[in-house]
Amino acid sequence: MSTRAVTFTKEQIAAYAEASGDHNPIHLDDDFARSVGLPGVIAHGMLQMGLMGTVAADAAGGPDKLRRLYCRFAGMVVPGDTVMFTAETAGPDKLDLRAVNQRGEPVLTKSVAELAS
Amino acid sequence: MSEVGTGAAGVAGRTYPPVEFRIEADRAAAFARAIGADPAAGVPPTFAAVYSLGVTAPQLFGDPDAAVDFSRLLHAEQEFAWMRHPRAGETIVSQGHVVSDVSRRGMRFVTFETETTDGAGQRLCRSKALFVIRS
């Protein structure tokens with residue numbers, strides 16, 4: 001089993017926006033995010049998946065082992081949230097992936113990795 | 001599966017022109033740092049968010065017929081499946097396709113697939129995204 005706890009920050013979300021090219025203002029501008037009904041800026045689902053992917057790669061024995069990665073984004077992640085990412089063996093070539101915030105609420109559900117055998 | 005169209009906005013079945021993308025080492029390394037991966041370990045698998053999904057989704061979002069309100073768009077599910085992982089320096093080609101476009105209970109669900117192939121035309125990665133657009 002591999003785990004990683006990450007406390008999200010605005011700087012980290014902005015760095016992911018820059019690196020990924022996803023500049024949707026819901027991730028960068030609190031006022032804009034509130035204007036569309038969000039509590040403020042939220043983390044990219046793809047940032048959560050990127051972090052989850054590093055944990056899956058650890059559990060798999062290296063990133064090249066990953067053959068499939070599936071994530072369902074079940075809850076919003078905002079700056080200040082601490083998310084525990086967990087990858088656990090679920091079969092010979094399969095990992096169950098979970099991410100839970102500091103209130104025990106799942107932010108990624110039904111998520112899995114399949115590995116090269 | 002039966003589908004309920006979204007009237008003029010429905011774009012199910014639409015395929016966008018292929019997009020060429022060169023995987024620059026610097027860009028892949030910056031992405032690795034942003035997700036806390038080791039940049040020396042090569043192109044992170046989830047860099048597919050850029051080289052596959054990232055280069056094709058803007059075609060959907062910019063399609064006037066698709067009429068996607070970007071500010072109300074949520075990424076609900078994402079899958080990547082790899083035949084192999086690309087290396088820095090490779091030039092690859094990605095093509096996006098709208099699998100389904102369904103409205104239900106005031107929400108619109110768009111499933112968008114991208115096929116990425118390498119310079120030899122071999123399949124490299126498939127991305128499947130489910131976007132939910134809140135009304």
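In the predicted model, helix α2(B) lies across strands β1, β2, β3 (91–104), β4 (107–117) and β5 (123–134) of chain B, and runs at about 55 degrees to β3(B). In chain A, helix α3 (residues 45–60) lies across β1, β2, β3 (82–91), β4 (94–100) and β5 of chain A together with β2 of chain B, running at about 140 degrees to β2(A).

The strands of the two chains belong to an open sheet of 10 strands with antiparallel pairing, in the order β1(A)-β3(A)-β4(A)-β5(A)-β2(A)-β2(B)-β5(B)-β4(B)-β3(B)-β1(B). The edges of this sheet are formed by β1 (2–7) of chain A and β1 (19–22) of chain B, each of which pairs on one side only, and the twist from one strand to the next averages 20 degrees. Where the chains join within the sheet, strand β2 (residues 66–73) of chain A pairs with β2(B) in the antiparallel sense over five bridges; A:C71 has B:Q78 in β2(B) as its bridge partner. Strand β2(A) is also joined by six bridges to strand β5 (residues 106–115) of chain A, again running antiparallel, and here A:R72 stands opposite A:T109 in β5(A).

The contact between the chains takes 28 residues from chain A and 26 residues from chain B. On the side of chain B that touches chain A, at least two residues each are supplied by α1, α2 (48–61) and β2 (73–82) of chain B, with the largest share, eight residues, coming from β2(B). By class, this side of chain B has 15 nonpolar, eight polar and three charged residues.

A helix pair also contributes to the contact between the chains. Helix α1 (residues 10–20) of chain A packs with helix α1 (residues 25–34) of chain B at an angle of about 160 degrees, their axes lying 9 Å apart, and the two helices are therefore roughly antiparallel to each other. The crossing of α1(A) past α1(B) is left-handed. In this packing, A:A15, A:Y16, A:A19 and A:S20 of α1(A) meet B:A30, B:F31 and B:A34 of α1(B), and by class the contact has six nonpolar residues, one polar residue and no charged residues.

The model as a whole scores ipTM 0.96 and pTM 0.94. Chain B averages a pLDDT of 93, and 93% of its residues score at least 70; over residues 1–9 of chain B, however, the pLDDT is below 50, and this stretch has 12 contacts in the model beyond near neighbours in sequence. Where pLDDT is low, the predicted coordinates should not be read in detail.

Definitions and conventions:
Residues are numbered from 1 along each chain as its sequence is written. Chains are lettered from A and ligands numbered from 1 in the order in which they are written. This is a predicted model: local features need pLDDT of at least 70, side-chain atom pairs count only at pLDDT 80 or more; totals for chains, interfaces and linings use all residues. Axes are lines fitted to C-alpha atoms, for helices over the stretch in contact, and angles run from 0 to 180 degrees between N-to-C directions. Helices (H or I, at least four residues) and strands (E, at least two) are DSSP runs, numbered from the N terminus. Angles under 35 degrees count as roughly parallel, over 145 as roughly antiparallel, 65 to 115 as roughly perpendicular and the rest as oblique. A crossing is left-handed if the near helix is turned anticlockwise from the far one by less than a right angle, and right-handed if clockwise. Two residues are in contact if their C-beta atoms, placed from the backbone, lie within 7 Å. Ala, Val, Leu, Ile, Met, Phe, Trp, Tyr, Cys and Pro count as nonpolar, Asp, Glu, Lys and Arg as charged, and the others, Gly among them, as polar. Two strands pair if DSSP finds at least two bridges between them. pLDDT is the predictor's confidence in each residue, from 0 to 100.
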